[in-house]
Amino acid sequence: MKKTILTLCAIFISSTAHAQATDVSQELRVFKGNNGKEIKAVLIDKNDTSATLLLENKRRAVVPLASLSADDQDYIKKWNKEKALFLQKCLGLSVRQLLELRGYESFPMTLEGNSIIITAKLNGKDARFVVDTGAGTSLLHTKMVENCGLELGPMTEEVHGVAGSVPACWVDVNTLSMGESLFKDRKILATDMDKDKPEGSKDQSTAGLFGADLLKQLDTVISYKENRIFFRPDKSDRVLVDGDAAKSEDAGVEGEVKDQDEVLNFRIFKMRDGKSFRANVVSKTSTVLTVKLASGKTQQVPIYNLSDDDQKYADAWTEAGDVFLRHCGALKIEEVLTLRKYNSFQYERRGNHIFVDGTLNDKDVTWMIDTGADSSLLDLKQATNSGCEVGPMKHKVYGIGGSAPAGESVMKKITLGKVELTNRRTLATDMTGRAGRDLDYVGLFGADFMRELDAVITYREDRIFLYQR
Amino acid sequence: MKSTLYLLTLATSLFFSSIAQAEDSRTWTSIRGSTVDASLGRLDGDSVILVTKDRKEIKLAVTDLSLADRQYLVENVSAPEAILSAGELSMPEKDLKFDSKTCKKLDEKFKLSVEDSEGMFDQMETEHFLIAYAGDVRPNVVAEIAERLWHGMAFYHMNFRRDWGDKRRVIFCVEDRETYAALGKWYQDELAKEAVNADGQKRVQEFASTWDRVGGTSIQLPDELCEEKKFHTGATVFNMNQDREFKKVFTPFPTHVIAGHLLNQQMGGVGSVGGKGYFTVVTGHAFYKEIKLAGETETHLLDVGGTAGDEISSKAGFDDGSAWARILKSEVKRGKVKPNLLEILAVEAETLNPAKLVLVYSFANYLQSNSKRVSAFARMIRRVESNNTIPEPEELAKIYDFDSVEKMEADWIEYIKSKEFK
């Protein structure tokens, strides 16, 4: 117990030290007593009648408010413990820590060009997908469907892309999974995605599209800075397949899932043999972790039985760090990132697509956020309306439906909140497609800009965050 | 006061130990070329404390770290941006303490495809490259040049090491004529498989007409091979006939070629709006590294023109390779050559002449000529990585902290006239 208090106290100071690393003296405030005496200290807690101060000599002192000067009383009144903890949490935590602690499962994402590639299991077999916020529905590639032993339905459907429409069919997918996230008995559209691809790019193994429908359901977070994608597994399907309880048993650890939310507060541990369980570390020796399972039981797990990643986690785990992390449970990603000088935007959902407001050449416009667009793209008419000159249509843009003619244009100024991009060369093409009417957005805010701006996209909080270096 | 400082230090370390919980360890590089795998402990004034896997703490001055590491500190623990341009400009490629034991000859032969039963090439593996060679070749020389240039890229460009991953880039060094012809034939067939339209067929033509004449070029390896062997798709080829022997580290020609290929790989593909400026940046960089590291240039550029890709011309800078800077200085002073940002970015192989090429060289030289500029250069390359276009002149000026193109041009001209430009 004693140790915990000491840790807490040290941690608190650490936050202030870190937050004001450039000017530590700011944190040491001179408090004045009614009797005129002065002490240098840091305020670490308060209640209605007293304040707890941490003195220069590392000792704590509980001081009645009434014994302090009016100035100090005012300072203490305005001081907010939450806010102080807030700074400490926000400056230190990575998006990854925050999300993994909350039961998100994270995967490294590979960038090919600017496309985010993930490998999921389609019917138990590896299948490559591009993570595409611009795809309203996910799409399978016909070749991939065949490779995974699934059947293509009749080509009676149509899917529409930037360059037109192509025939598609429904596929009954038994399982589509990634880590703990599982979709069962789904109908997903498939099309031949090799068709009409530009010369020289067909030899790359073509991927399907992991679209907004799935991303939304998994409360996905995409972090370009950390090169990671996070899913909050939807457990509703899993109970039907193989409950966590069964899995935990296999892992040699008994457990029973109680409440969905409670379960998500536990970390997912993976064993060497691929099995997993949800638990939190209570203590450790150099070789054994003592964990508390979701069921409430305590269990010992040899560290060498854990996956490489979890061994690293176990190796780095400290009691102090754990206490620290536990205080951050309520934080939103938004709070973390805005305090880290990210610009935060609430986005608007239209169907499965996400949009943010901004300006183009000082005119108010709306952008569609599209991780599937390697390069940002303007709609021809909207580009002209926003004062972008478009050159001869001698270029091509490629997408579903083949290629479409495009012209070069320079966007003099783009803003999203305080984020400003200037003099960016891009292409403009007619994006009205079969709608036959003007678009109500200016174009695609693509992966090129999102990578540059370390974008974080959160489906749960409906927000996108951009950082201007 | 002393005790307070102690407490604060202790507290800070606790604070960071919690960060380290999820942060992976990364490779840190010192300006003297040594590397260490460690996680970031904390920033302590002008020093950084790193924690190794076995929990040892290492304290280093921030200015002793590579530019890429400093950038990491700026972005992840709010280190002041001033550290990016602090200290003298180093030459990481030369500073690296190269351990020749990291070059290993492999028993197995290198095969271009699964069907290839024999394998035409001997192979030497290094940390980041695979040298596939045939004939009278010293693979260890090319290996060392490549590793040193790799280290230079990792030193300056924050994402380079991460993006490279655990793959190797293949470098073919072929002296044996028969093998060289067979490699050419194999690649020509690969290209022909892909060539479904006129553009594709033109590429095959161009390739066939230049294969015997080039000293160095790049090819794309098949996806299956790359996946199986963990190779990067882009590979470098050296045609090592009698007059082209790589005997010493930083032989000019391979230095030029590999430096260009590494930068190109880091910049990624050319975006949909085209490759304007790529030639200037990559070729300039290659000449810059060649002359800076080898002290001279022996590189000529081969250009293929004509409708069928059958007109081949060879381009180079001023004849006297050791006097480029001197001649350009005098031409600029006399007003015969006018450095202009828009024009320099529009230079293409077809329109190249000696004066333009030397100007491209001077520009590349200028872009990386001191700590501040080299940091801006890294910023520019990083933008190209995601945007796949070379920034417009106005943007380039901004990246280099100028409020107008004219001011950057004036600064570049000053540089050419100065003693710094050699």
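This is a predicted model: local features need pLDDT of at least 70, side-chain atom pairs count only at pLDDT 80 or more; totals for chains, interfaces and linings use all residues.
Residues are numbered from 1 along each chain as its sequence is written, and chains are lettered from A, with ligands numbered from 1, in the order in which they are written.

Chain A holds 14 helices and 30 strands; these are DSSP runs numbered from the N terminus, with helices being H or I over at least four residues and strands being E over at least two. Contacts here are pairs of residues whose C-beta atoms, placed from the backbone, lie within 7 Å. Among the chain A contacts with a separation of 6 or more, 62% join residues 24 or more positions apart.

One residue to look up in chain A is A:Lys40, which sits in strand β2 (residues 38-46). A:Lys40 has 15 C-beta neighbours inside 10 Å, so it counts as partly exposed. Leaving aside residues up to four places away in sequence, A:Lys40 touches A:Leu28, A:Val30 and A:Glu56. From A:Lys40 to A:Leu421 it is 381 residues in sequence and 46 Å in space, C-alpha to C-alpha.

Chain B has 422 residues, 41% of them buried, and its secondary structure comes to 16 helices and 12 strands. As for its contacts with a separation of 6 or more, 62% are between residues 24 or more positions apart.

Chain B splits into domain 1 (3-88) and domain 2 (98-249), with bounds that come from an automatic or database domain assignment. Each domain of chain B puts 8 residues into the contact between them. On the domain 1 side, β1 (26-29) and α2 (67-77) of chain B are the elements that give two or more residues, and α2(B) gives the most, with 4. That side of domain 1 has 3 nonpolar residues, 5 polar and no charged. In this sorting, Ala, Val, Leu, Ile, Met, Phe, Trp, Tyr, Cys and Pro are nonpolar, Asp, Glu, Lys and Arg are charged, and the others, Gly among them, are polar.

Next come the helices of chain B. Helix α4 (residues 139-156) has 18 residues and runs 26 Å from first C-alpha to last, close to the expected 26 Å, where the expected span is 1.5 Å times one less than the number of residues. Of the 18 residues in α4(B), 16 are buried, which leaves the helix mostly covered.

Helices α6 (residues 177-194) and α7 (residues 198-210) of chain B pack at about 170°, with axes 8 Å apart. The axes are lines fitted to C-alpha atoms, for helices over the stretch in contact, and angles run from 0 to 180 degrees between N-to-C directions. α6(B) and α7(B) are therefore roughly antiparallel; the label covers angles over 145 degrees, with under 35 roughly parallel, 65 to 115 roughly perpendicular and the rest oblique. Residues including B:Tyr187 and B:Leu191 in α6(B) meet a set in α7(B) that includes B:Val204 and B:Phe207. The contact has 6 nonpolar, 2 polar and 2 charged residues.

In helix α10 (residues 278-294) of chain B, the end C-alpha atoms are 23 Å apart, which agrees with the 24 Å its 17 residues should span. Because 14 of those 17 residues are buried, α10(B) is largely enclosed by the rest of the structure. Just after α10(B), B:Gly295 takes a positive phi of about 85°.

Technical notes
Two residues are in contact if their C-beta atoms, placed from the backbone, lie within 7 Å. A residue is buried if 20 or more other C-beta atoms lie within 10 Å of its own, exposed if 12 or fewer, and partly exposed in between; C-beta atoms are placed from the backbone.
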